[in-house]
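Trainee: I'd like to learn how to read strands, helices and chain contacts in a model like this. Can you walk me through it?

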Amino acid sequence: MTATGFALRTDGVGKRYRKGWALRDCTLDLPAGGVIALVGPNGAGKTTLLRLVVGLLAPSTGTVEVLGHDVADSTPQTLSRVGFLAQDHPLYRRFTVAEMLRFGRSCNLRFDQELAERRLAKRGIPLDRRAGTLSGGQQAQVALALALAKRPDLLVLDEPVASLDPLARHEFMQVLMGAVAEDGVTVLFSSHVVHELERVCDHLVVLDQGRVTLTGDIDTLLAEHRLLVGPRTTHDLDRSAAVVEAVHSDRHTTLLVRDGGLPAAPGWQARPVALEDLVLAYLRRSSEPSATVPSGVAA
Amino acid sequence: MTWLIWRQHRAEVCVLGLLVGLFGVVLVGLGTQAHDLFPGGPARCAGEAGVNDACAASFRRLDEEYGYVENLLAAFYLVPVVIGAFLGAPLLARELEDGTWQLAWTQAVPRTRWLAAKLAALAGVTVALTGTFTAVLTWFRQPFDAWEGRFQYDAFDLEGLVPVAYALFAFGVATAAGAILRRSLPAFGVAFGAFLAARMSVALLARPAYARPLTAMEPVPAGGSADRAGHLPSFADWVIERGYADATGRRLSGAEYDELAAAADRAGSNLNQFLHARGVQRFGVYHPADRFWTFQLIETALFLAVAAVLIGVVVWRVRRRTI
């Protein structure tokens, strides 16, 4: 496993379905190690991007490189380094849990059966139950145990907790983060929920309408952005690349700026921004791209 | 992979194996009794029904005691499509409808290898089951073939090589339809429809044209009744068309023949004598019985070629990674 280097590099990746482009001009360099969140509303292209990463889909344009290998020429060796958990964690419903493990064993170069059995025993999931009769949370745990037993260097998860109840969601994230801590696996997961990401993730990619609108290390992003609150300014506005969003209330104007922490203009107060607000601002911006800014407020 | 394929498809394989086994045992049981009617083997009586008394008696008993089975065999036209489509339809469709393709193709087995293993195994089962059943059926029909030949639809379509090719064709259609429709049941339906359409149009339109048919012509004999017309082509030949021609060999239309029959009636003379006196000839357009294997090979090649194209489409779709 490489702590340095890239887990994922995409260059000008686009994917067109019959209905149109699901993903356009996506260029990413995501470091190995840590947890990468792919955030965006439904229909933003998250599933498409993740399927391109694990090689289930071929890109219409551009190249996808995972752990230093082009996904287009996948071999058993490259495939076994990447684990994937699809949305709604599909399993062979009529297989027993033990048979699901046997499936994993028979289709992989390395498969840590013992580890998987231990994980399932810990969650009280019996091996002789049919996968289709398990609860949603248990199915997710089986799918996760299966993916982790490959001992992948990169684990890709598509909306892993979207269909789970809060308790199952918590347990799932607990196991996932445990694996990150123990094995040092790089995790890339998608979510349309921004809530609680800050606690879990190191890196962020925001996707909207098939385009990447924001990407970066979360700590760096939070340090670069801040909120500026000042008197309401409706005239003498200027465009500036530094202003992400301007919100006007009756008396005040709140600006989200990416200025790296320059001193604020007189009369303006600077405040740190929460990750959730940051993401939402970028999502709002991409739907109405002309942000207007008071001159002299932001550099 | 072997274990996985068996685990995923064992239900279909077992059900089909059981059905084939059941019908096979019944056919072997009935067939043994039918064969016993021919002490020297049915082949010795071929074409001798009217000549050899012993054979005539055997054929009469065969018709009385087992004629009903022969009529039931028509249902076995569907055996190849049931086997082929039942195995082919879920191959990709079930993975696609359950979302498990995302599980299957992200393990360390590249998807083309996964697909090749599945196609080989299930096509192999299709061939084995259809082949076994056809072998039993071909053997069962031996006494009937000795009587009627094996070029008629009720023999040709059930015997030899073609049923296996039909089954692989159905397998190919069902697999391809499953890949495109992403649902097992509609894929099975499509395969069923395509099978009926292809089989019927090939048997009725294409098969007679595999080779240039022969034409035999002979003058209408003066004696005998019109119904009891002797066979121009032999019993085992496949007659495509029969009719009457005038002395010059020009074929008579139905209206012309009716006119002659009416004229014979008015004259109060025997129809055959009437026709004989006018030099009218009977003709038969037919494929001789010895073309059986040529025709079998041609039809087998035809269906196998289509099956290969369909499988090629499936492989191409999966390789392209657009599913």
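Trainee: Okay, in what sense do β11 and β14 of chain A pair, and over how many bridges?

Mentor: The general idea is that strands of a sheet pair through backbone hydrogen bonds, either parallel or antiparallel. Here, in what is a predicted model, β11 (residues 225-231) and β14 (residues 252-258) of chain A are antiparallel, with seven bridges between them. To find your way in, look at A:Pro231, which stands opposite A:His252 in β14(A).

Trainee: Which strand of chain A pairs with β14(A) over five bridges?

Mentor: That's β13 (residues 243-248) of chain A, again in the antiparallel sense. A:Val243 has A:Val257 in β14(A) as its bridge partner. Follow the chain and you'll see that β13(A) and β14(A) make a hairpin, with three residues between them.

Trainee: Now the open sheet in chain A: what is its strand order?

Mentor: Read across it and you get β6-β7-β8-β3-β9-β10, six strands with mixed pairing. β6 (82-85) and β10 (211-217) of chain A are at the edges with a single partner strand each, so one side of each has no neighbour in the sheet. From one strand to the next, the twist averages 15°.

Trainee: How do β6(A) and β7(A) run, parallel or antiparallel?

Mentor: Parallel, with four bridges joining β6(A) to β7 (residues 154-157) of chain A. One pair to click on is A:Phe84 and its bridge partner A:Val156 in β7(A). While you're there, notice helix α1 (residues 46-53) of chain A, which packs on the sheet and touches β3 (35-39), β7, β8 (186-191) and β9 (203-208) of chain A. The direction of α1(A) makes about 155° with that of β8(A).

Trainee: And helix pairs? At what angle do α4(A) and α5(A) cross?

Mentor: The axes of α4 (residues 113-122) and α5 (residues 136-149) of chain A come within 9 Å and cross at roughly 155°. Angles over 145 degrees count as roughly antiparallel, and α4(A) and α5(A) therefore fall in that group. Their crossing is right-handed. Residues making the contact include A:Leu115 and A:Leu120 of α4(A), and A:Val142 and A:Leu146 of α5(A). By class, that contact has seven nonpolar, two polar and one charged residues.

Trainee: Last one: how many residues does each chain bring to the contact between chains A and B?

Mentor: Chain B gives 18 residues and chain A gives 25 residues. On the chain B side, α1 (2-36) and α4 (101-104) each supply at least two residues, and the largest share, three residues, comes from α1(B). That side has eight nonpolar, six polar and four charged residues.

Key
Residues are numbered from 1 along each chain as its sequence is written. Chains are lettered from A and ligands numbered from 1 in the order in which they are written. This is a predicted model: local features need pLDDT of at least 70, side-chain atom pairs count only at pLDDT 80 or more; totals for chains, interfaces and linings use all residues. Two strands pair if DSSP finds at least two bridges between them. Axes are lines fitted to C-alpha atoms, for helices over the stretch in contact, and angles run from 0 to 180 degrees between N-to-C directions. Two residues are in contact if their C-beta atoms, placed from the backbone, lie within 7 Å. Ala, Val, Leu, Ile, Met, Phe, Trp, Tyr, Cys and Pro count as nonpolar, Asp, Glu, Lys and Arg as charged, and the others, Gly among them, as polar. Angles under 35 degrees count as roughly parallel, over 145 as roughly antiparallel, 65 to 115 as roughly perpendicular and the rest as oblique. A crossing is left-handed if the near helix is turned anticlockwise from the far one by less than a right angle, and right-handed if clockwise.
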